[in-house]
Structures are given as structure tokens and as C-alpha cells.
Amino acid sequence: MAKRSSFATAQERARTHRVVMLAYPDAQVLDVTGPLEVFSRTSRWLKDHRAQRVPAYEVEVTAPTAGPLAMSSGLKLIAERSFREVERVDTLLLAGGIGFQAVTRNSDVIRWIQRKARTVERVGSICTGAFVLARLRLARSQVGNHPLGVLRSAGENGTGLCRRP
């Protein structure tokens, strides 16, 4: 007999898992859209190939303010809602990018992340978003892998340099 996965399907949960990405000015566009595309595509695949009626995942980009948000590339994404308007979150993700330092100084955003971290199933970060979690002491380690090899943090979290092994 095949071993059953310990993860409940969306049908078993009877509700869609909400993944919320906190983006901010000068975030890396791939850090925002890449992970959300994985969740979205998984949801479509389960619907198409497993006849799953309840979508497995629903994704949303939120930001300090609703509206157009300039990424580090200059490309603009639209956050339909400010983080203040977001109620239900199952997985909270923090984007990476050169604008992460401003996020660590935004006390409203920091308090929201702290509140959500107590109630969500998962908190995660992409790339330099880990520095925000480290500042909140939510990261397991302040040293991680970074695709650019060396990453310098000018933030207040004291991480200094992270070197790729």
C-alpha cells in the first residue's frame, strides 16, 4: 500500500491556502513573481490533472501602500491592497531586493510581520528578505546562500557579510 502524504490537499482542508507576498519599492521582481508563479501553477495543475475543485493556492502581492510599486528593475507591479488591509494569510513571504533596508526601518510593516508571524502556518523569505526576518529574530540563521556569492548587509541586524559556501 502506498504511503499517503502528510500534507492535506485543498479538498481535505476545504479551503484555499492563501500565500501573501510582501513586496516593497526596489524589491527584485523575480523574488516577487517567481515564488507566486510556482504556487499559482501548482494550483492550476491540480485542477487540470487531479480534478481538484477547490483551488489549492491563492496568491496576492501586498505592499506598504496599495497601487503601483516600482521594482529595482524599474518594472512596476501593482499591489491591490496595502498590508494593513490583508486579513487572512496562511503563508507569508517577504521579497528580497535592494529596498529591504527601508522595510527594516518601517515600524508599521515590522509590527504587521510580527503579528502575522504568530498566526500564519509559514513565514518565508526570498534572498535579502531574510535580513528582515533576521532583524525580527524570525530567521533560523542569519547566514544563508545568495546567488551572487557575497552579499553585504547595511541593515541594523548585524549580519555583516554572508558568503556562499
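**Entry 1. Contacts and surface**

I began with the contacts in the chain that have a separation of 6 or more, and I found that residues 24 or more positions apart account for 63% of them. I note here that the model is a predicted one. I then looked up burial: 42% of the 165 residues of the chain count as buried. The accessible surface of the chain comes to about 9,900 Å². Carbon and sulfur atoms hold 52% of that surface.

**Entry 2. Secondary structure**

I listed the elements next and recorded five helices and nine strands in the chain. Following the sequence, I wrote down the pattern as α-β-α-β-β-β-β-β-α-α-β-α-β-β.

**Entry 3. The sheet**

In what order do the strands of the open sheet stand? I read S5-S2-S1-S6-S7, five strands with parallel pairing. I then asked why one side of S5 and of S7 is left without a neighbour in the sheet.

I examined one pairing in detail. Strand S6, residues 91–94, runs parallel to S7, and four bridges join the pair. Within this region I looked up Leu94, and its bridge partner in S7 is Ser125.

**Entry 4. Helices on the sheet**

I turned to helix H2, residues 29–50, which packs on the sheet. Helix H2 touches strand S1 (17–22), strand S2 (57–63) and S6. The direction of H2 makes about 160° with that of S2.

Helix H4, residues 107–117, also packs on the sheet. Which strands does H4 touch? I recorded S1, S2, S6 and S7. The direction of H4 makes about 145° with that of S6.

**Entry 5. Positive phi values**

Asp26 is not a glycine, yet its phi is positive, about 70°. I located Asp26 in the loop between S1 and H2. Is Asp26 buried or partly exposed? Its relative accessibility is 35%, so Asp26 counts as partly exposed.

Ala51 is likewise not a glycine and has a positive phi, of about 55°. I found Ala51 in the loop between H2 and S2. With a relative accessibility of 57%, Ala51 counts as exposed, because the cut-off for that class is over 50%.

Methods. Residues are numbered from 1 along each chain as its sequence is written. This is a predicted model: local features need pLDDT of at least 70, side-chain atom pairs count only at pLDDT 80 or more; totals for chains, interfaces and linings use all residues. Side-chain values use heavy atoms; hydrogens and water are left out. Two strands pair if DSSP finds at least two bridges between them. Helices (H or I, at least four residues) and strands (E, at least two) are DSSP runs, numbered from the N terminus. Contact means heavy atoms within 4.5 Å. Axes are lines fitted to C-alpha atoms, for helices over the stretch in contact, and angles run from 0 to 180 degrees between N-to-C directions. Buried means under 20% relative accessible area, exposed over 50%, partly exposed in between (1.4 Å probe, protein chains only). Accessible areas come from the Shrake-Rupley method with a 1.4 Å probe; for residues, only the protein chains shown count as cover.
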